[in-house]
Structure formats: structure tokens, C-alpha cells
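Subject: Structure handover

Hello,

I am passing a structure on to you, with notes on what was found in it. Please look at it before reading the rest.

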Amino acid sequence: MSATTRPVTELTPDELRALAEQAGRDLEGAHPGDVLRWARAVFGSDLVLASSMGDEVLVDIAAKAAPGIDVIFLDTGYHFAETLGTRDYYADFTDVNLRTVLPLRTVAEQDAEHGPRLHERDPNLCCALRKVEPLERGLAPYTAWVTGMRREDAPTRTDITVVGWDARRSKVKLNPLAAWTWGDVNAYVAEHHVVLNPLRELGYASIGCAPCTRAVAPGEDHRAGRWAGTNKTECGLHT
């Protein structure tokens, strides 16, 4: 794999994109830990992982492959208590530097401005205010960011690469778990005794904000519990 001797902070967006695209080809099929070790070697402290604490396997792998990695958690004000508890576990007991990023307004302030239960009336705006804008602030200092997206998650994600270019933010974007199936995830959990969000045991396959997430029934798509009853499938972080 080609590499540059210049610091990544000195590379132009075109150079970073070329680096990402080459790495995406070279690292396809690599273990997620190897992808993260490569990223840590190349980006150092300019690498960050964004976690909703519904991607516990990725955080576990990152803590081992890139010790001390920065992890940003978007506290929307609507999270399940179990999700916040999972965040606290990984902050306290694994080798990550966890940073909680808050929206610009509390839920009460948002209710005063837009009316209560905005998530029911205009979920796209609610996600924009409580997820997308905070993520932009959280990612601003970094050159590359890591997500837990997998190709089998949703039809909108089938073409994601292990390493790619986030044109919207002019950053390198890594999806180390892109090629993993649920079988791969579950095998890793069993082998490494990964601490999971307790909601998993209650049938929550994909975990987001409490008002917009439900457990899934046997045989349902694992993201069927997100914004159920609407045509919304993504919060806007990856679109």
C-alpha cells in the first residue's frame, strides 16, 4: 500500500481522497482490527470513532487495535438509560478517550422553540438538530472518522467501502465492519465476551433514540424498529 511521508494534516483533499480510495481497495477483506491499526498508524490523533453505543463490537475492537482512540458519543437527550450505561462502561473500563457531544439546545429548549415531540412531527428536523449538527462539531478537529456501518444493515449501505472518502465533510471515512455479517458480529461477541447494550436481550437489534426505536419481532429486518411506521430509514449522519 502506498503511503506518504507528509503529515496527513498537510495533504490536500484530493490527496486524502486518493489515499482513502487506495486503502479501500487494499484493505477490502482485512480484519476490522487491521483496518483500525492501519488508520491509527496513518492518522494518529487525527482519527476519531463515532459511536451510538449500538455498535459495541466496533468500540471493543478499536480499544484493542488503537488504544486511547478518541470516541465521540452524541447524547441526543433521548437515549435509553441502557445506552447511557453502556457508554459509561466503555468510558470507564476500556482504553478509549470518550467524549460526549451535546446538541446546541436541551430537549426543553427545543420544545420551547419547535413545540413538543418534534421527533413525531418532523423526525428529519429533530435528527438534524440533535444528531447531525452535533456530529459536525464533534468531527471538526479530525481528518478521519470511523463508523460501525455494515453493508447488510440496510439497502442504502450495500455499497459502502472499508475505507472511503466522505465528500460532504472532506474527511476520510472508515467502515471497518462493512463486510461483516450478523454471524461475524455474534461470533466476535462470543469469542471476546463483549459487553453489550442490555437492550439487545430485549429484542432491540438496532438502537437509536428511545422515542423512535422499538424492539423487532422474530423474522423482521433488524432495522425495522427504527422510525417504525414511517418511510424514514436514516438519521442523516451518513447521507
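The notes below cover an annotated site and then some salt bridges.

This is a predicted model, in which local features need pLDDT of at least 70 and side-chain atom pairs count only at pLDDT 80 or more, while totals for chains, interfaces and linings use all residues. Residues are numbered from 1 along each chain as its sequence is written, and side-chain values use heavy atoms, with hydrogens and water left out.

The annotated site

An unreviewed UniProt entry lists C126, C127, C209 and C212 under "binding site". UniProt positions are given in the numbering used here, feature names are shortened, and annotations may be inferred rather than shown by experiment. The four are spread over 87 residues of sequence but cluster in space, with a largest C-alpha distance of 10.8 Å. C126, C127, C209 and C212 are also included in the lining of the largest cavity. (A cavity is a set of points, on a 1 Å grid over the protein atoms alone, where a 1.4 Å probe fits but cannot get out; lining residues have an atom within 4 Å of a point.)

C127 is in helix α7, residues 123-139. Helices (H or I, at least four residues) and strands (E, at least two) are DSSP runs, numbered from the N terminus. C127 has a relative accessible area of 7% and is buried; buried means under 20%, exposed over 50%, and partly exposed in between, with a 1.4 Å probe and protein chains only.

C209 lies in the segment after α8 (182-192) and is also buried, at 10%. Leaving out residues up to four places away in sequence, C209 touches T76, Y78, F80 and K131, where contact means heavy atoms within 4.5 Å.

Salt bridges

A salt bridge is a side-chain nitrogen of Lys or Arg within 4 Å of a carboxyl oxygen of Asp or Glu. By this rule there are 14.

One of them joins E56 to R200, with the closest N and O atoms 2.8 Å apart. E56 is in helix α3 (residues 56-65) and R200 in the segment after α8, so this pair ties together parts 144 residues apart in sequence. E56 is buried, at 2% relative accessibility.

Another pairs E136 with R168, at 3.8 Å between the closest N and O atoms. E136 is in helix α7, and R168 is in the loop between β5 (163-166) and β6 (171-174), 32 residues apart. E136 is partly exposed at 31%, as is R168 at 45%. Salt bridges with shared partners join E136, D166, R168 and R169 into one network.

Regards

Note on methods:
On a 1 Å grid over the protein atoms alone, a cavity is a set of points where a 1.4 Å probe fits but cannot get out, and a pocket is an open set with protein on both sides within 12 Å along at least five of seven lines; lining residues have an atom within 4 Å of a point.
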